[in-house]
Amino acid sequence: MEFRRKHLLELEGMSREELTLILDTAETFREVLERPIPKVPTLRAVTVANVFFEPSTRTRLSFELAEKRLSADLVSFSAATSSVLKGETLKDTARNIEAMKVDMVVIRHSAAGAPHFLSRCLEASVINAGDGCHEHPTQGLLDMMTLRHKFGRLEGLKVAIVGDIEHSRVARSNLHGLRAMGAEVLLCGPSTLMPVEAERWGVAVTHDIDEAIAWADALNVLRIQRERQAAGLFPSLREYHARFGVTRRRLERASKDITILHPGPINRGVEIESDLADSEFSVILDQVTNGVAVRMAVLYLLAGAQGALEGS
Amino acid sequence: MPEQKVKAELIDEQGLERTITRLAHEILERNRGTEKLAVVGIRTRGAPLAARIVRKIEALEGKRIPLGTLDITMYRDDFRRKIPMVRGTDIPFEIDDMNVVLVDDVLYTGRTARAALDALMDFGRPATVQLAVLVDRGHRELPIRADYVGKNVPTSIGEEVQVRLKEQDGEDSVLLIAAEEGK
């Protein structure tokens, strides 16, 4: 199958074939990361701008490393040190970057839809590195890659996404990607953090973490943002931990092996017990490694597709 | 897809078997045996050819030879003209100080061999790298030549040399396909 997309904006609407192609390609790039010289010359002629309007450590480093491993040229931009502070619009910022002959733009923005907007203004390929509460497609892909590694399949796998579903772009990308791949998804969290559209997605919802643990092969535990507590969406972090925290005791009570994912950064002792995050159940560090491989695959496929679409 | 016009069968099933045997003997002779010898096939059809050469050498010498597979897609110089699918490299041994024989089906412009050299060097520093091909059809664009050649076949640019192997195509043969009209 050929990859014919110019942008990666969301996993919603992507076919199983497209997702499989990205995941298969990522496997080969994971092998590159294990080599004595973990670098290939593939994107030597490609320039990528990393445009981050929101703080990010993991995603930004992961993209930068992926770009360097593919020998792309990269420029990085963060809103905190840019002309955005002087009132420059997103469109102007992006068009200036593009005027410097950039081929691809990796964007993180607090506004849902910002990557879509850019994709309509620019000739460059746009990769969504997280937009508001909408999607974080490369995170969804790396989660799927990690699960596929662990279980050898995604079809029929039972994955519970636990935590603040309402504000989570990771949850949305996981939901769309996993379901397209034939996995079953259960959403678990307090009703105040459950989006109203969950019903429209046609996905099972529970407010009982023990029920989710008993059902699932894997738990994708989301980070609880402390500002949600300040907004009154749940009474206290302690209470959240007591009702929804993933603990060793809960796993022992369910007496089953379970795989735990977390997109990071972790609030130890809130959404997950600290010891459990480092335990044999956790694949959190695999997720980080797979993140670089997945981003290499996405950059590679989009650059290839862009060339083909231009007929160069 | 237009029907292909086969101009000639360059190598048949028995011929391919004999060619593999000869290549195995030549590799052994030049390397004075199997000491520090390794064979790496270039995807896609170089891989089964490499496996056949290794089986032949092992049968002749009674020793195991390290065998690997190299995908050179990430090293191609025509990336962005087409969408190449990467299929993975598997070199499960150290290549440092080894005499590595790269195996491909057809040597044409030399660009694949160039990319394979680049790719191989990212795995270590072999003592020597040698190139074995089933067919050398000429038209080199780079200063590259093979150390072991199954068959030299003068071709015109538009013609195609098609290697068919049981492992991938269900039969063993090497065909010369005629140039398309107008080419």
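**View 1. Confidence in chain B of this predicted model.** Chain B has an average pLDDT of 93, with 93% of its residues scoring at least 70 (pLDDT is the predictor's per-residue confidence, from 0 to 100). For the model, ipTM comes out at 0.81 and pTM at 0.90. Because this is a predicted model, local features need pLDDT of at least 70 and side-chain atom pairs pLDDT 80 or more, while totals for chains, interfaces and linings use all residues. Residues are numbered from 1 along each chain as its sequence is written, chains are lettered from A in the order in which they are written, and side-chain values use heavy atoms, with hydrogens and water left out.

View 2. About 1,900 Å² gets buried between the two chains, 61% of it on carbon and sulfur atoms (accessible area, 1.4 Å probe, lost on putting the two parts together and summed over both). In chain A, the most area is lost by Thr28(A), Arg35(A) and Tyr300(A), together 26% of what that side buries. Counting contact as heavy atoms within 4.5 Å, 30 residues of chain A and 17 residues of chain B take part.

**View 3. Polar pairs across the interface.** Here we get 3 residue pairs in polar contact, both partners at pLDDT 80 or more (N or O atoms within 3.5 Å, one able to donate a hydrogen and the other to accept it; residues adjacent in sequence count only if both atoms are side-chain atoms). As for salt bridges (Lys or Arg side-chain nitrogen within 4 Å of an Asp or Glu carboxyl oxygen), the count is 0.
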